[in-house]
Amino acid sequence: MVKTKKEHIPFWRIANNIFTYLILIIGVIIAVFPFFWMISTSLMSLGEAQGTRLIPSQIHFENYVEAWKEADFSLYLWNSVRITLITLVGQMTFSILAAYAFARMKFPGRDLIFGIMLSTMMIPGMVLIIPNFLTVTWLGRIGPLKWINNWPALTIPFMGSIFSIFLLRQFFAQIPDELFDAAQIDGAGHFRFLLTVVMPLSRAPLMVIIVLSFIGSWNALAWPMLVTNSPDWRPIAVGLLAFIDEAGQMINYMMAGAFITIIPILILYFFTQKQFTESIARSGMKG
Amino acid sequence: MYKKRLMSILMVLVALSLVLAACKPAATPTEAPAPTKVEVKQPEPTEVPPEPTEVPPEPTEVVTEEAPKPSVDPSGQTISFWHVWGQGLPNETMTAVVDEFNQTNEYGITVEAIDQGRYGDLEDAFNAAIQSGDLPDIVVGYTNALANWYSVDAIVDLEPLINDPFYGLTDEDKAAFFEGALNGGVNAGGTTIGFPISQSENVLFYNSGWAKELGFDNPPTTPEEFKAQACAAAEANNNDDDPNNDGTGGLVLYPGASNIMSWIFAFGGDIVNEDGSGYDFTNQSVVDVATFLKDLWDNGCAFQTESYPNPEFASRKALYTMSSTAGLPYQVSAFEAEDAIKDEWTLIPFPGPNGNKAVDLYGQYVAVVNTNPERMMASWLFIKYFTSPEAQAKWIQGSAYYPTRTDTIPLLDSYSKENPIWSNALSYLDYGKAEPAWPSWSSVRRSVGDTFQAILQGTPEDIPTLLDELNTAAAEAVAETQ
């Protein structure tokens, strides 16, 4: 029987591992605690939820049913699905085309236009709310389409995303010119090259855009509150407001509603996690 | 293979988006009603010619009054009502009252009630709607917000509607309303811009059970008694075995404008200057309130919490809290929690010098949006219905607010018996006083909160300077809104 020599692990490496795991565990606790608190509070009575308890003394699953009914979540959920899908498709379409043009086509003023577009990323979103509101109001007045209280005001302003264009442009620019030359020899033009070569190669950044755009649309609150004044097109985040009034908040229902609200985001992230992390790792960017 | 799949997915997504967009037909563009000054015509005096008769009429002194005729025809109007009661029993009651009106009104008027979130959200939505033209017909709002909207002609003077000979209120009806509630809807220029559908009060929540254990059998009736009880409670918490409650026990002192105003009213003062043209934060009552609260704070008889102090009040960490009566359901829930101390508690008015007492009245005021005479009259008819004693009694029972007319109170007898704490504060309506219905009040009330927070953190010597600065800021706010 051959006696294997037991590998000696130096103390400093063990200490280093313990320290690393400790930091990671603390990080996990910090990241997970709000979710735990949300779920725990969503199962409490209102009295308990107002206090400092961490664990409910009695589980109130009925809070979810009440929250669903109180906030008319079925309508708001359907609205959010519609708004998010329309925004997503619009944003993907315009971002892919614009990013391709900036990355692979040469035209006068290309870099200047791209620079100007990039500079708008420095403007805080809230600053743009009033100008955007005035613009959509004006468009509603002059055009045949009703914008306020309708899907155009909720979706069209978000179809042009500078961040998405920038992210895709960086990826598209890395695709070797030889591929385009080969595609040209095969008779492909720009559009066909984009669809058949560029997009399949850029699956990871496309997934990032899908996830970020989905989250952005799904969680939107300030803008939808401004451009809608009836429930017909209001998204799910507005439903959560139903649990706050002038004198307090139904914090248990609100947390139940919040959990319902984030389920679609969790599902999407679950399915796109691999591409998402891959893309972030490649680009070194954070959303 | 892969690119085909990608293409297919893209095509499906595009098709889906178009289907979704078309799923709900775009609402028919409605023309924003042109702003019109309300002109509810008074009925013209009609002379009815005497019918020819062969029998000479006998001289009589009986003069028959002509019945007033309608000045406009509100029949068939569909009006929208923006409100802030989107959840729970208030929402159910609001919906029930609106449905009842829709089914029973003889003019075929249909009201669509739309929840707009909180008051702030509603104000944002209304301000945005002024731009877009998508205005409702009736809107709920704080009177300072209504004053702003009136100043840009978005809402109208209600007097012509209230006094309309055919559709308006009778003298009996008018007399039935609490004067304070009606006056609260009048702006600085004397125009009635809001009509009170109900009201709530800023009161003191008082743990009478704990106070009795501390040796106080009755609620405080003067600031001195108030301080004695608050300090005794704070001392009890500091001296017990529980280190977690040290520094608590007295008054939860959030120096928001409504709380400060309640104290100022209780001290017999006001913040409006003598000629009613602006604010005066340097008068003796305001100084006395600032000194009193500062003294409570410095002696450890008042403290602050990070959120609504309902759990603190339900666990003997606060003998008093200051809150709107609209917060009653939340406080009741806090006492139902497992770790709550099931003390007896009640609502009391703010005590002032010489036994004076006061509460700050908040009205739930509605305004009529400037549309056209027919729509405005239809809106008024709904408001009139909503504030009729029977409908108001339903609304009160569903919302836990207080009535704005005295003849609603008898209809709330059984509700009063079932809700003794609510019932307690019913009698305080007589001591109620409203905050100014001025456009500048929105910004001034923020300054009031900031100033009193600074007073608590500063030294007693800072009080005159800080109040002077508040006066200057308030004067600037008035100038900006004129």
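User: What radius of gyration does chain A have, against that of a compact globule of 287 residues?

Analyst: Happy to start there, and please keep in mind that this is a predicted model. A compact globule of 287 residues would come out near 19 Å. Along the principal axes, the C-alpha atoms of chain A fill a box of roughly 85 × 70 × 30 Å. The radius of gyration of chain A is 25 Å.

User: How many helices and strands does chain A have, and what share of its residues counts as buried?

Analyst: Let's take the contacts along the way: among those in chain A between residues at least 6 apart in sequence, 76% join residues at least 24 apart. The secondary structure of chain A consists of 14 helices and two strands. Of its 287 residues, the share that counts as buried is 36%.

User: Are helix 4 and helix 8 of chain A parallel or oblique to each other?

Analyst: Good one to work through. Two packed helices are described by the angle between their axes and the distance between the axes. For helix 4 (residues 73–104) and helix 8 of chain A, the axes come within 8 Å and cross at roughly 45°. That angle makes helix 4 of chain A, relative to helix 8 of chain A, oblique.

User: Which residues of helix 8 of chain A does helix 4 of chain A meet, and how many of the residues in this contact are nonpolar, polar and charged?

Analyst: Helix 4 of chain A passes helix 8 of chain A in a right-handed crossing. From helix 4 of chain A come residues including Gln91(A), Ile96(A), Tyr100(A), Phe102(A) and Arg104(A), and they meet Ser164(A), Ile165(A), Leu168(A), Arg169(A), Phe172(A) and Ala173(A) in helix 8 of chain A. By class, this contact of helix 4 with helix 8 of chain A has ten nonpolar, three polar and two charged residues.

User: Is Ile175(A) buried, exposed or partly exposed?

Analyst: Its place is in the loop between helix 8 (162–173) and helix 9 (177–185) of chain A. Beyond its neighbours within four places in sequence, Ile175(A) is in contact with Val198(A) and Leu201(A). Burial would take 20 or more other C-beta atoms within 10 Å. Ile175(A) has 17 of them within 10 Å, so it is partly exposed.

User: What is the C-alpha to C-alpha distance between Ile175(A) and Val198(A)?

Analyst: Val198(A) is one of the contacts of Ile175(A). In sequence they are 23 residues apart, while in space the C-alpha to C-alpha distance is 7.4 Å.

User: Over in chain B, what is the handedness of the crossing of helix 11 and helix 18?

Analyst: Helix 11 (residues 284–298) and helix 18 (residues 441–457) of chain B pack with axes 9 Å apart, at an angle of about 45°. These two helices of chain B are therefore oblique to each other. Ala290(B), Leu293(B), Lys294(B) and Trp297(B) in helix 11 of chain B meet Phe452(B), Ile455(B) and Leu456(B) in helix 18 of chain B. The crossing of helix 11 and helix 18 of chain B is right-handed.

User: Which element of chain B gives the most to the side that touches chain A?

Analyst: The contact takes 46 residues from chain B and 39 residues from chain A. Elements that each supply at least two residues of the chain B side include helix 3 (119–132), strand 7 (318–324) and helix 13 (328–336) of chain B. With eleven residues, the one that gives the most is helix 1 of chain B.

User: Which elements of chain A are included in what covers the buried residues of helix 13 of chain B?

Analyst: The buried residues in helix 13 of chain B are Leu328(B), Tyr330(B), Gln331(B), Ser333(B) and Ala334(B). Their cover includes strand 4 (195–206), helix 12 and helix 17 (420–426) of chain B. From chain A, it includes helix 2 (46–50) and strand 2 (248–249).

Key
Residues numbered from 1 in each chain as written. Chains lettered and ligands numbered in written order. Predicted model: local features only at pLDDT ≥ 70, side-chain atom pairs only at ≥ 80, totals over all residues. Contact = placed C-beta atoms within 7 Å. Helix = DSSP H or I, 4+ residues; strand = E, 2+ residues; numbered from the N terminus. Buried ≥ 20, exposed ≤ 12 C-beta atoms within 10 Å, placed from the backbone. Axes fitted to C-alpha atoms, helices over the stretch in contact; angles between N-to-C directions. Parallel < 35°, antiparallel > 145°, perpendicular 65-115°, else oblique. Left-handed = near helix turned anticlockwise from the far one by under 90°. Rg over C-alpha atoms; globule rule 2.2 N^0.38 Å. Nonpolar A, V, L, I, M, F, W, Y, C, P; charged D, E, K, R; others polar.
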